[in-house]
Amino acid sequence: MACAVFGIPQPDLAEHWYELRLCAETPDETTPTRAPGGFGFSLRAEYGWDALAGADTVIVTSVPDACVTGEREVPPALVAELRRAAEAGARMVSLCTGAFALAAAGLLDGRRATAHWSHTTDLARRHPAVTVDDGVLYVDDGDVLTSAGVAAGLDLCLHIVRRDLGAHVANRLARRLVVPAHRPGGQAQFVDLSVPATDDESLAPVLAWATANLERPLTVDELARRARMSPRTFFRRLQAATGTTPLQWLLDQRLAHAQSLLEATDLPVEQIGERSGLGSATNLRRHFTARVGVSPTDYRRAFTRRTAPPTRP
């Protein structure tokens with residue numbers, strides 16, 4: 001995930017992209033990585049751990065399972081280099097069990113951090129100085145960032161791009177990767193919710209309320225009042241956080257909800273228009289076709305074909 005986000009130049013998104021270097025204990029050797037199920041892959045790192053001291057950002061993607069359970073310690077040489085990098089001013093990042101390496105280096109002491117929920121009990125037990133949050137996707141503590149596993153690691157990588165290069169670049173990259181533009185770190189790891197895309201945590205409650213009340217005739221003034229901001233401030237903050245206007249954001253949420261209803265229910269198009277806040281079936285068809293490229297009816301028909309169980313010959 002880190003390679004997909006940071007390792008592929010994106011000249012059309014930003015003039016200067018990241019320079020990604022893979023580091024290992026013994027550079028230039030192919031290191032096999034095997035998952036518990038027997039599947040794996042190999043990595044060839046060109047740099048040793050001593051290269052970490054010159055990095056602007058250090059990402060520890062994982063540690064062996066034995067380092068999670070305590071059967072063996074995180075390699076002392078890696079711990080030393082992580083400390084050196086942090087002391088030199090590098091931003092320290094962990095994905096999933098990489099948090100155990102940062103914790104071993106003392107970089108999470110006194111900080112809030114997370115990892116995959118199945119490993120957070122071990123992290124808290126082995127490192128009591130760390131405030132472990134087992135229910136969030138990722139934690140941004142300024143110069144130290146930690147995430148849960150798999151998709152949450154991708155969320156954190158995109159969050160870093162958003163911090164560094166802005167929401168517009170991050171949103172376009174997310175679209176290129178075919179993933180949601182942004183999920184705030186505070187979303188629960190194990191709950192399937194559609195959380196509004198925003199960097200601004202102060203906006204999250206009002207946007208969550210809006211997504212739960214899409215059938216209402218929502219206005220910018222009403223959302224601004226709920227956020228306890230002036231309409232102008234609310235407009236500016238939401239646009240800065242999401243790269244879009246409040247009305248466009250609302251339209252995006254309504255269309256996403258309409259897609260979900262088309263996929264998961266047999267409701268007629270007229271009712272879906274009402275429940276998504278798009279009003280009449282005519283209005284739903286117009287916006288849906290413009291955005292998705294097909295009519296709601298054709299979308300439902302195509303989706304049903306894609307998800308139908310295979311028939312026996």
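Author: One term to start: a residue is buried under 20% relative accessible area, exposed over 50% and partly exposed in between, using a 1.4 Å probe and protein chains only. This is a predicted model, where local features need pLDDT of at least 70 and side-chain atom pairs count only at pLDDT 80 or more, while totals for chains, interfaces and linings use all residues. Residues are numbered from 1 along each chain as its sequence is written, and side-chain values use heavy atoms, leaving out hydrogens and water.

Reader: OK, how much of the protein is buried?

Author: Buried residues are 40% of the 313 in the protein.

Reader: And how many helices and strands are there?

Author: The protein has 14 helices and 10 strands. Those are DSSP runs numbered from the N terminus: helices are H or I with at least four residues, strands are E with at least two.

Reader: What's in the largest nonpolar core?

Author: That core has 27 residues, and Val-58, Leu-82, Met-92, Leu-102 and Leu-108 have the most contacts inside it. Strand E5 (57-60) and helices H2 (65-69), H3 (76-87) and H4 (99-104) each give it two or more residues. H4 supplies the largest share, five residues. A nonpolar core here is a set of buried Ala, Val, Leu, Ile, Met, Phe, Trp, Tyr and Cys residues joined through side-chain atoms within 4.5 Å.

Reader: What does Met-92 touch?

Author: Leaving out residues up to four places away in sequence, Met-92 touches Val-58, Leu-82 and Leu-102, among others, and also Asp-143, Val-144 and Leu-145. Contact means heavy atoms within 4.5 Å.

Reader: Switching to H6: is that helix enclosed or out in the open?

Author: H6 is largely enclosed by the rest of the structure, because 11 of its 15 residues are buried. The buried ones include Asp-155, His-159 and Arg-162, along with Leu-154 and Ile-160.

Reader: What comes just after H6?

Author: Gly-166, which takes a positive phi of about 100°.

Reader: How about Glu-222, buried or exposed?

Author: Glu-222 counts as buried because its relative accessibility is 14%. It sits in helix H9 (residues 220-226). Beyond neighbours within four places in sequence, Glu-222 is in contact with Trp-209, Arg-216 and Pro-217.

Reader: Last one: where does Leu-22 sit?

Author: Leu-22 is in the loop between helix H1 (2-6) and strand E1 (23-24). Leu-22 is partly exposed, with a relative accessible area of 34%.
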